[in-house]
Amino acid sequence: HAGFEAGPDDWQDYPVITNAFGYAGSTIVEGNFSSLPNGIYFIDLYNNAAPDNFGYVEGQSYFGTVPVATDSSGDALFACTNGAANFSGQYFSATATAATGDSSEFSPGVLASNAPAPSAAFSAPYRWLGNQFAFNLTLATNFSYRIQAATNLAATPVQWMDVATVTATNSSLLFTDRTALDYRTRFYRIVSP
């Protein structure tokens, strides 16, 4: 499993930055992380003026640290706001450190925009309620999203069907697909707009 394999630092996984943006005089960085279940980790974030000659972004300036607790599946979401300045136009990277001290390599870099961008993440528990599917979503607020479903990912092209449209006013949403009456398996994705 990610985050616990024989090797240096147990091959601790790095976090994935999904969104970085400046907002007024602050900067917000969001992302997700996967490792061992039910663990405590520290996500260290860094900003850089530019990538190096090989296109990598590392730790030029310290941005902040966010503690996270992984769920029973080993997943966690994170967000860090730094009120020191608007760092749009800079690159962000992150590392993860387990409570045991195992640290990851730097994550791929993400260029911060000057405005928030839509983002969505699925999270457990995923439930079948007899005639409908239900799951949790974490969404960037004030954006419109279409929740789409498909029953066969092997089809070319995959036939995605809109099952709901939502404008996120809260970051957490419990979604229940009441159109899944005759399906034993269903796949979902979220697009914006």
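Ser123 stands opposite Asn136 in strand β9. Strands here are DSSP E runs of at least two residues, numbered from the N terminus. This is a predicted model, where local features need pLDDT of at least 70, side-chain atom pairs count only at pLDDT 80 or more, and totals for chains, interfaces and linings use all residues. Residues are numbered from 1 along each chain as its sequence is written, and side-chain values use heavy atoms, with hydrogens and water left out.

**Around β9**

- Strand β8 (residues 120-128) pairs with β9 in the antiparallel sense over six bridges; pairing requires at least two DSSP bridges between the strands.
- β8 and β9 make a hairpin with four residues between them. Gly130, in the turn, has a positive phi of about 95 degrees.
- β9 also pairs with strand β12 (residues 172-177), antiparallel, over six bridges. Phe135 has Phe175 in β12 as its bridge partner.
- Five of the seven residues of β9 (residues 133-139) are buried. Buried means under 20% relative accessible area, exposed over 50%, and partly exposed in between (1.4 Å probe, protein chains only).

**The β1-β2-β5 sheet**

- Three strands form an open sheet in the order β1-β2-β5, with antiparallel pairing.
- β1 (16-23) and β5 are the edges, each with a single partner strand, so one side of each has no neighbour in the sheet.
- The twist averages 10 degrees from one strand to the next; axes are lines fitted to C-alpha atoms, and angles run from 0 to 180 degrees between N-to-C directions.
- β2 (residues 26-34) and β5 pair over eight bridges. Val29 has Cys80 in β5 as its bridge partner.

**Asp75**

- Asp75 lies in β5 (residues 75-82). It counts as partly exposed because its relative accessibility is 36%.
- Beyond four places in sequence, Asp75 touches Phe33, Ser34, Ala69 and Thr70; contact means heavy atoms within 4.5 Å.

**Nonpolar cores**

- The largest nonpolar core has 19 residues, of which Ile43, Leu45, Val68 and Phe92 touch the most other members. Such a core is a set of buried Ala, Val, Leu, Ile, Met, Phe, Trp, Tyr and Cys residues joined through side-chain atoms within 4.5 Å.
- β6 (91-98) gives this core its largest share, four residues.
- Apart from this core lies another, of 16 residues, among them Phe143, Tyr145, Ile147 and Ala180.
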